[in-house]
Protein chains: 2
Amino acid sequence: MIRQPEQQSGTTRPRIVIVGGGFAGLNVAKSLRNAPVSIVLIDRRNYHLFQPLLYQVATSELSPANIAAPIRKILRNQENAEVLLDEVTGIDFDQKQVKIEGGELAYDYLVVATGVRQSYFGHDEFQPYAPGLKSIDDALEIRRRLLLAFEEAEWEADEEARRAKLTFIIVGGGPTGVELAGAIMDLASNTLPKEFRNIDTKTARVILIEGSPQLVAAMPEDLRSSAQKVLESMGVEIRLQTRVTEVNDSGVIIGEEHLAAENVFWAAGVQGQAFAKTLGVETDRGGRIVVGPDMSIPDHPEVFVVGDAAHATDAATGNPVPGVAQGAIQTGRFVAEQIQRELKGGDAKDRPAFRYHDKGSMAMIGRGNAVAAIGKRHFGGFLGWLTWSLVHVFFLVGFGNKLLVMFDWFWNYIRHTRQVRLITGDPEVHLKHFRSSDTEVES
Amino acid sequence: MIRQPEQQSGTTRPRIVIVGGGFAGLNVAKSLRNAPVSIVLIDRRNYHLFQPLLYQVATSELSPANIAAPIRKILRNQENAEVLLDEVTGIDFDQKQVKIEGGELAYDYLVVATGVRQSYFGHDEFQPYAPGLKSIDDALEIRRRLLLAFEEAEWEADEEARRAKLTFIIVGGGPTGVELAGAIMDLASNTLPKEFRNIDTKTARVILIEGSPQLVAAMPEDLRSSAQKVLESMGVEIRLQTRVTEVNDSGVIIGEEHLAAENVFWAAGVQGQAFAKTLGVETDRGGRIVVGPDMSIPDHPEVFVVGDAAHATDAATGNPVPGVAQGAIQTGRFVAEQIQRELKGGDAKDRPAFRYHDKGSMAMIGRGNAVAAIGKRHFGGFLGWLTWSLVHVFFLVGFGNKLLVMFDWFWNYIRHTRQVRLITGDPEVHLKHFRSSDTEVES
């Protein structure tokens, strides 16, 4: 049976329950650090994940611990906050309670910050053949497949099977897809060649498939074409305005064409958590919870949704708030401000409408090469890479991590290496896959 | 179908097949770097593991990649060596072939370096309740249980259940058991206290159980008692001359006494791989393959067994060669020397008998405290810790790793922190465990 928070101390401070310890939820909690409240932050994992660098875990550049810090550690000095490792299974809006397996937790304010998961646009059957990249475990699975592909190709006697093992398809040309494609090409071209005796890892094909006419569509025009040029000069094959109609154990089908590939990775879209649909509140086509201008849900001013989990509108432009780190941070801080104002006697009816401040966007393309748009300034090439590195390190939570990550990047940059090339998990599973010389992929 | 090595090049250099990329196997390969041979090193994992530091992965001090380097990377510049990720399923001594799932590999010399696995002394039913520490995946499992225990205790309403969650039992008082006990106590006493609101992590009980009358029995007398004193001063409860008769979901039974504990870790013994028993060669009680003075098996001078996998005798003292890193390194180099001598025309009948050179032993006890015996010099306390740190970093494979590990140790030492506190794996598994408030342990 779960202990009720502060049941012994008997305080009567308003309780803020936050569900999710990503950028959004964590910023709500941290912004309330001096407020006379009792915060319970619930997450089903014990760590905050710096998602923008997840692709570097997937491609052997960083260890998971470099981009993940325990939520408890981040909030250790914030006396008014408690952390609960658990999963919320339901919400009783009338009783103002969240349900967890161990019992219930009453709230005065509830903040839903549960983020998004991969979307296969109605084709969940693609998932076993094309894993996505949303969690540490996803990243380790992609890393495992990536490294196994080269191990298998090295000893494959059949030419056609070897080609399929050395073909990597990334579906989705947003920042994650672009970064994955560049990093896989870098791995094959710069890190691995000397380590194999029977294959030339430089002959690996990396194919990036995007449905729209351009890569990284959210970026300014000049950086979009710059990203494309750099990737092409690295040898990445780019297929624009191309839709994937089928993914199976032999590869990908686009229109009439079959691309034989053993390694397909999915970076094409996201949707709200399944949990959101069970709440009886309005969700958009992508499963995000529709919120008002103040980030609360209809008829329940005490329930907010922040970050990627919300379908929110920027009051300044009328555009949707983008599903990026800045959107999560800003909506989180906004909601914390409203709660603080009302604790001091403010009325929920006087809440302002949320306005999004676009601080820019960026994407790493390859070794020492990135594109970055910050305000009206656009950076590419090495300068873009420096900008990208500084901004990402600056926002990494935890000082120890920052130094380690900088050290790793610096080391990898000068040595052309990648330190974290481990195939972990039960060997029985991956060797079984390895042993079958056909192109079957384990699910 | 597996490609035969060098089937295209058609060379006729003698082929050395090495099974296992630990200290022993890797030292055979590296010592043959200038020999006119064709080496195939087979391992079911793609990395060499620096096992002496595995307990630091289990206790959140280091990331897996800090102590594991791809075997390919280590051998990248050794042109005469190839690496094969696969598992050997049998050996045909008459045909001189090893069997792998993908086919067969012929050898001129075979070196078996398959190491050991955990032994429960005939009580394999203890395993689900008391995981051992032999692989990266073992270490991640122990880390998961360790961190979950505190997460669960923080919200446990029942006093007795909370005590069981905060009780950690380590079975086996060798170096691994001593190091685990010290590190868990350090985690509970120095790293975690500030992060929890409802439990005092310093009240965690760490109980170290050893069957013999002393800890770290292989070390000199003064260091044995020093290790015990330091652990006791840290608060570790030591039970000597104590045998565990039962381990189950409620804890451990020793004689008439039941110790209620949710967390039991096994560091009590090792045995040869199951594979060794299928070969039709003599094995000792611990499943190690019995070898002659030259490390070869009877009637097959072309088949050697090295490292922990071998039951070998030191020709100088008549004692068994100990199952430590130095034993593996030295037997590996010895065998490589014999092969080289015979390639130059030497006769296998003239092989000398292997002599073990004891270079000392050491064990980390706690924060800034270790015991080390090097030759006739004995070090304890901070000086022991410095010795321990320098020796371990010196032997870590891969320069990038060394700097990172030193950085981590230095950082953790001055900050009392541990960076790698991630509970990875499917949340559905660990939350299920968490939700049940009884002391059931998932298997």
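These exercises look at helix packing and a chain contact in a predicted model.

**Exercise 1.** Describe how helices H1 and H9 of chain A pack.

Solution. Two packed helices are described by the angle between their axes and the distance between the axes. Begin by locating the helices: in chain A, H1 covers residues 23–31 and H9 covers residues 325–343. Next, take the angle, which is about 35 degrees, and the distance between the axes, which is 7 Å.

**Exercise 2.** Which residues of H1(B) and H9(B) meet, and how do they divide by class?

Solution. Start with the geometry: the axes of H1 (residues 23–31) and H9 (residues 325–343) of chain B come within 7 Å and cross at roughly 35 degrees. The crossing of H1(B) with H9(B) is right-handed. Then list the residues. H1(B) brings B:Phe23, B:Ala24, B:Gly25, B:Asn27, B:Val28 and B:Ser31. They meet residues of H9(B), among them B:Ala325, B:Ile329, B:Arg333 and B:Ala336. Sorted by class, the contact of H1(B) with H9(B) has eight nonpolar, five polar and one charged residues.

**Exercise 3.** How many residues does each chain give to the contact between chains A and B, and which elements of chain B take part?

Solution. Count first: chain B gives 52 residues and chain A gives 53 residues. Then turn to the side of chain B that touches chain A. Elements supplying at least two residues each include strand S4 (68–70), helix H4 (136–155), helix H11 (399–415) and helix H12 (427–435) of chain B. Finally, this side of chain B divides into 22 nonpolar, eleven polar and 19 charged residues.

Key:
Residues numbered from 1 in each chain as written. Chains lettered and ligands numbered in written order. Predicted model: local features only at pLDDT ≥ 70, side-chain atom pairs only at ≥ 80, totals over all residues. Axes fitted to C-alpha atoms, helices over the stretch in contact; angles between N-to-C directions. Helix = DSSP H or I, 4+ residues; strand = E, 2+ residues; numbered from the N terminus. Contact = placed C-beta atoms within 7 Å. Nonpolar A, V, L, I, M, F, W, Y, C, P; charged D, E, K, R; others polar. Left-handed = near helix turned anticlockwise from the far one by under 90°.
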